[in-house]
Amino acid sequence: MRALGYVRGRSLAEAARLLAEGGGEFVAGGTDLVQRLEDGVLPPARLVDVKPGDGLDAIQIDGDEVRLGALVRLAEVIEHAELRRALPVLVEALEATASPQVRNLATVGGNPLQRTRCLYFRDPTLPCNRRAPNSGCGAREGRNRNTAILGTSEHCIAAHPSDFAVALAALDTEVETSRGRTLSLLDLHRLPGTVPEREHVLDPGELIRSLRLERSTLAERSHYLKVQDRGEFEWALCSAAVAVDLDDGGGIRAARVAVGGFATKPWRLPRVEAALVDRQPGPALFREAAARAVEGAQPRGENAFKLELLPRTIARALEELHEARP
Ligand SMILES: Cc1cc2nc3c(=O)[nH]c(=O)nc-3n(C[C@H](O)[C@H](O)[C@H](O)COP(=O)(O)OP(=O)(O)OC[C@H]3O[C@@H](n4cnc5c(N)ncnc54)[C@H](O)[C@@H]3O)c2cc1C
Ligand code: SF4
């Protein structure tokens, strides 16, 4: 049996090198990783940590550019007055995430890379292609109420679990890595396709250094709506992150709509966005545009109710935003 190990890099570059050369798992807040180790979902591994500093634990605002170091805690974003004003959808998504205790540990780099809550993935005795390649997908014919209807494949239909990543997707966030690469958050996660165990495009030993966002009038008029089975401390059954910018006549100049709980990765809906632009905001328009969200959706068994829930969630999020910031 393999033993659990632990090493700490003095910088992100050193942590990345330790991972590339010796393998193992990077640990940030540890709230997802340690649970997977405890549940036997992940075999004992060498954990690679990194010393904070060098901007990794800093929130930096320079003009309209906002940079969140990968080790910034979720609670620190919530407590930041300027982020609350400039990027409300981000703060609202984090306030709806987990518990205060978890948010004090969990980081903005680790949250988007947490693994799915599919119950077959989380139980090492059950078949799951994502955890154990080629073992089968238990959820396809089994308990699949919480699975996705967008971006699925024959091999995996698991929904992406992160609330925060949905808000990041709506705000056109860029991910900066330890290799000096910059990529769109929308390109960070892979569709499951035939290799669902490969969840993101980072190379072995490549780590998220920071998240880069822009302050704008669009981002200021943004909102996150989460629907969950229990009142608190629960992952989303579904969610919508919306942002709408208005012109001088009150018409919609630009719109962003991203959804969670419906898709296998953080998911933008460009057809819904296009249906909103150059129109006057109001409940009828929101319902008409939101109806386009289910184009191409593939429901399966217990998750068919999401066909109705998806447009309703988007329309309600847009209505709440319009009422709060007319
Ligand atoms: C009781 C409970 C309730 C929860 N409810 C919610 C909820 O409602 N909504 C929600 O979104 N989440 C929820 N979560 C999940 C929680 O938000 C995540 O576990 C947490 O955000 C992960 O961040 P972390 O820093 O602890 O990551 P870790 O557990 O340290 O890491 C997670 C994964 O990301 C990788 N990783 C971490 N940092 C980096 C980096 N910089 N570069 C590359 N890879 C990296 C790790 O190797 C690991 O595979 C809940 C968790 C608990 C325990
Ligand atoms: S949906 Fe994905 S995570 Fe769930 S059992 Fe199937 S392969 Fe595993």
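How many nonpolar, polar and charged residues does the shell around ligand 2 have? By class, 10 are nonpolar, 4 polar and 1 charged. Here Ala, Val, Leu, Ile, Met, Phe, Trp, Tyr, Cys and Pro count as nonpolar, Asp, Glu, Lys and Arg as charged, and the others, Gly among them, as polar.

Before going on, the conventions. This is a predicted model, where local features need pLDDT of at least 70, side-chain atom pairs count only at pLDDT 80 or more, and totals for chains, interfaces and linings use all residues. Residues are numbered from 1 along each chain as its sequence is written, chains are lettered from A and ligands numbered from 1 in the order in which they are written, and side-chain values use heavy atoms, with hydrogens and water left out.

Back to ligand 2. It is surrounded by 15 residues, each with a heavy atom within 4 Å of the ligand. The closest are Cys 118, Cys 128, Cys 137, Cys 156 and Ile 157.

Now ligand 1. Around it there are 29 residues, and Phe 26, Gly 30, Thr 31, Thr 107 and Asp 163 are the closest. That shell divides into 14 nonpolar, 10 polar and 5 charged residues.

Next, its polar contacts (pairs of N or O atoms within 3.5 Å). Oxygen atoms of ligand 1 lie 2.6 Å from a backbone N or O atom of Phe 26 and 2.8 Å from one of Ala 28. From the side chain of Arg 36, an N or O atom is 3.1 Å from an oxygen atom of ligand 1. The protein buries 91% of the 980 Å² that ligand 1 exposes when taken alone, by the Shrake-Rupley method with a 1.4 Å probe.

Last, a helix pair. α11 (residues 283-290) and α12 (residues 306-324) have axes that come within 8 Å and cross at roughly 150°; the axes are lines fitted to C-alpha atoms over the stretch in contact, with angles running from 0 to 180 degrees between N-to-C directions. Helices are DSSP runs of H or I, at least four residues, numbered from the N terminus.

Note on methods. Helices (H or I, at least four residues) and strands (E, at least two) are DSSP runs, numbered from the N terminus. A polar contact is a pair of N or O atoms within 3.5 Å; within protein, one must be able to donate a hydrogen and the other to accept it, and residues adjacent in sequence count only if both atoms are side-chain atoms.
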